[in-house]
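Hi there,

I'm passing a structure on to you, shown just below.

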Amino acid sequence: MKTILVMERGDTLVLLDRILHRDYHVTRSGYLLSLADISTLRPDLILLDHGLVGSDPGSLCISLKSNAATRHIPLILLSLPPFIATIAITFRADAYMEMPFDIYNMASIIHKYVWI
């Protein structure tokens, strides 16, 4: 079973876990994990909330995509509009989803990057 790391807060974290738990092993975190922690977890995909309070998700995105051990992991950035497309490009994310998101669209994007 593929592992998806979800770094998100609140209700969205619970919703994503409910959507994904049947097809994937979901590792949840309500805060930003370190590059070392992510490398240890070895997720097959990362869903990251750009709006995590008190953190710098942009630096983590760039570190993940610059590190030889983690650059292959698909990274989907979650955020409120209107600038998420520009933010995703700047932080080297593989994809992005505007929140609130459509469940079926989210599943489609995840399946694009991670085969069950």
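The accessible surface of the protein comes to about 6,400 Å² (Shrake-Rupley method, 1.4 Å probe), and carbon and sulfur atoms hold 55% of it. Please keep in mind that this is a predicted model, where local features need pLDDT of at least 70, side-chain atom pairs count only at pLDDT 80 or more, and totals for chains, interfaces and linings use all residues. Residues are numbered from 1 along each chain as its sequence is written, and side-chain values use heavy atoms, with hydrogens and water left out.

On overall form, the C-alpha atoms fill a box of roughly 30 × 30 × 25 Å along the principal axes. Of the 116 residues, 42% are buried (under 20% relative accessible area, 1.4 Å probe, protein chains only).

The protein has 5 helices and 5 strands (DSSP runs: H or I of at least four residues for helices, E of at least two for strands, numbered from the N terminus). Their order from the N terminus is β-α-β-α-β-α-β-α-β-α. Among contacts with a separation of 6 or more, 54% join residues 24 or more positions apart (contact means heavy atoms within 4.5 Å).

S79 is buried because its relative accessible area is 9%. Leaving out residues up to four places away in sequence, S79 touches H50, I84, M97, E98 and M99.

Best wishes

Conventions: Buried < 20%, exposed > 50% of the residue type's maximum accessible area, 1.4 Å probe, protein only.
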